[in-house]
Amino acid sequence: MANIVLKNIYKVYDGGVRAVSDFNLDIGDKEFVVFVGPSGCGKSTTLRMIAGLEEITAGSLFMDGVLVNDIEPKDRNIAMVFQNYALYPHMTVYQNMSFGLRIHKMPADEIDRRVKMAAEILGIEDLLSRKPKALSGGQRQRVALGRAIVREPAVFLLDEPLSNLDAKLRVQMRAEITKLHHRLATTFIYVTHDQTEAMTMGTRIVVMKDGFIQQADTPTVLYEEPINAFVATFLGSPQMNMINTVLAPNGNSMSVDVGGATILFPEIKRKQLIGGDDVFGEVIFGIRPENITISQTDGVPATIELVEHLGRETIVYCRIADREENVIASVPSNHGLKRGMDVFLQFDMLKAHLFNRTTEQTIMGVPAFNNYPCKLENGTVDLGIAKWQLPKEFVARTFDFTEKRACKISIQTSKISTQPVENGVSVEGIVDFVSKGSDTSAVYLKMDGAQMVFRTAEGNYEPGQKVTLYIPQDGLMLWDEEGNKLVSQHVVSNNSAPCTVKTVGDTMKVKVGPTTLTLPAREGIQDGEHTITLASDKLKVVYDYKFAKKNGIERNSASKNVVTALAYDEDELGALNAVFVQLKGWDSYVTAVVPNNFSVYQMPKFALEITPESVIIK
């Protein structure tokens, strides 16, 4: 059994270069999960952190509930298959496959049994006496797989294992690895930049870009309901057509203008708008090539510029008015289509997509998050139409300045469950309508005057049906109006410590352990023992000369109330960073929220200015 949980994982290299940011993923036992994305997106780095070959900068990695951040790779019960096979050239296939077992001093008869069993599974029994130079690329890949199989690991990690093979052999090995996963019935994590490999092999795909997860779901859901324009265009060949246009209401429905023609959506699609009618205006209209048909009579006027006959299908590149890029259609084999022909394009609008022109996030279908404006007070979220009591553990990770402040609560759609969860939130709603996909359904609920959407592969939901939904803590997030997170991955300190106050004239001396702060005198504060509390968002970082010069910022004030801070972690919130530090005089750590141009990964020892506005004395 091998269940893997990656929680708030970061990888930051020297100089503050972030390779992976805020990576969160649960990988179930026996899953085949594929990390896919362009070069440099962080997929191999993430795999190497799971293997223990890269140190995790921040976050937690659990295997079967055990924290393994500091456990050596050899003790993680994993096996890794590399891109370049990494075979010993002077050893035979048998010796290569058995090497790891011999190092661990396994009995010879057990080694022999395992090697011969793996060789039989992979069909390389007759190659055991050969050396790698006498093998083809596909045979070497099988040997590398065999070396992993003999270890009988809980997890297989495969880093672009097919990239060195020719096209035909890649297809063959793709099928072999998939069959191997079913036969071994263990957890596979596979890295590739090839979207075809990802779509055909993975039970679940994690699409990455710039170190962030863009979307993680089944191949069908990713293809049919991409969460943003990047995922939409990355998966599928030829890729989805993306057309800048204007979305406008049209009676009970809505329409877009394409090539001078008004294209009407079915009425049900208007109900699926994320954000309601507020999204009307400039949008990106997406349509996959296979959802376009070519007509001689009606549709969007177009001229054929290129035809590719591929046997069972024909790829047609068409030019339409006011658009430089071709619209690509994939139609059943049709040798009657020729370059220069004037035709009409018809779109299947039930399978069309809409994306925000600025953010490129989807604005129709199932959102990544259900969002609601709210206020937080005493651990209760007030939505105006309803109040939700948040779990204590969630509230403990919420920053102090969030209280009674206008904010937004987000519920991660993929985390919504119809089964009770421990320490979570439950909500009730009435089914409005259901949109069915190939292997899941999107259920739209009316809930206390708002709408909530969740996806399910189970149950038959009908309009009017009452449904109770459950959301775990890790499916909840609070945001401010600028898009910064208001909940940390760590418990947030109350930033309090005992202190001694002595006032002389208009100056108040506040002593906290060995630290003395000089502040303006405050009315009503008597000399003696008190408690000092620091407002986390009112503290200021005092940059040293090197850091200021390197980041092109001015060194800030040389106030007397500057305290040396030793950092142990940070949490990226958006335009802000939460840094968790130890200050002289404070028994527990202090949380400070600062601009994100400062990172403790670049400067773990720095100074904080304790401003008068940040100090509360009681």
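**Figure 1. The largest nonpolar core.** Met97, Ile124, Leu145, Leu158, Ile177, Tyr190 and Val207 touch the most other members of the largest nonpolar core, which has 45 residues. Helix H3 (residues 108-122) gives the largest share of this core, six residues. Apart from this core lies another, of 38 residues, with Leu383, Phe401, Ile409 and Leu573 among them. A nonpolar core is a set of buried Ala, Val, Leu, Ile, Met, Phe, Trp, Tyr and Cys residues joined through side-chain atoms within 4.5 Å. Buried means under 20% relative accessible area, exposed means over 50%, and partly exposed lies in between (1.4 Å probe, protein chains only). This is a predicted model: local features need pLDDT of at least 70, side-chain atom pairs count only at pLDDT 80 or more, and totals for chains, interfaces and linings use all residues. Residues are numbered from 1 along each chain as its sequence is written, and side-chain values use heavy atoms, leaving out hydrogens and water.

**Figure 2. The whole chain.** The chain has 11 helices and 39 strands. Helices (H or I, at least four residues) and strands (E, at least two) are DSSP runs, numbered from the N terminus. The C-alpha atoms fill a box of roughly 95 × 75 × 50 Å along the principal axes. Of the 618 residues, 50% are buried. Take the contacts between residues at least 6 apart in sequence: 66% of them join residues at least 24 apart. Contact means heavy atoms within 4.5 Å.

**Figure 3. Helices H2 and H4.** Two packed helices are described by the angle between their axes and the distance between the axes. The axes of H2 (residues 93-103) and H4 (residues 137-149) come within 8 Å and cross at roughly 30°. Axes are lines fitted to C-alpha atoms, for helices over the stretch in contact, and angles run from 0 to 180 degrees between N-to-C directions. H2 and H4 are therefore roughly parallel to each other. Angles under 35 degrees count as roughly parallel, over 145 as roughly antiparallel, 65 to 115 as roughly perpendicular and the rest as oblique. The crossing of H2 and H4 is right-handed. Val93, Asn96 and Met97 of H2 meet Val143, Gly146 and Arg147 of H4. By class, this contact of H2 with H4 has three nonpolar, two polar and one charged residues. Ala, Val, Leu, Ile, Met, Phe, Trp, Tyr, Cys and Pro count as nonpolar, Asp, Glu, Lys and Arg as charged, and the others, Gly among them, as polar.

**Figure 4. Around Ile124.** Which residues does Ile124 contact, leaving aside its neighbours within four places in sequence? They are Val93, Met97, Ala119, Arg142 and Val143.

**Figure 5. Helices H4 and H5.** H4 packs with H5 (residues 167-184) at an angle of about 15°, and their axes are 11 Å apart. H4 and H5 are therefore roughly parallel to each other. Their crossing is right-handed. From H4, the contact uses Gly137, Gly138, Gln141, Arg142, Leu145 and Ile149. From H5, it uses Leu169, Gln172, Met173, Glu176, Ile177, Leu180 and Leu184. The contact of H4 with H5 has seven nonpolar, four polar and two charged residues.

Figure 6. Is Gln141 buried or exposed? Gln141 counts as buried because its relative accessibility is 0%. Leaving aside neighbours within four places in sequence, Gln141 contacts Val81, Tyr85, Pro161, Leu162 and Met173.

**Figure 7. Ile121, in helix H3.** Ile121 lies in H3 and counts as buried, at 16% relative accessibility. Ile121 and Arg183 are 62 residues apart in sequence, yet 8.9 Å apart in space, C-alpha to C-alpha. Beyond neighbours within four places in sequence, Ile121 contacts Leu180, Arg183 and Leu184.

Figure 8. Most residues other than glycine have a negative phi, and most peptide bonds are trans. Lys105 is not a glycine, but has a positive phi of about 55°. Lys105 sits in the loop between H2 and H3 and is exposed, with a relative accessible area of 73%. Asn423 also has a positive phi, near 55°. Asn423 lies in the loop between strand E24 (406-412) and strand E25 (425-436). The peptide bond from Ser237 to Pro238 is cis, with omega near -5°. Pro238 is in the loop between helix H8 (229-234) and strand E11 (241-250).

How values were computed: A crossing is left-handed if the near helix is turned anticlockwise from the far one by less than a right angle, and right-handed if clockwise.
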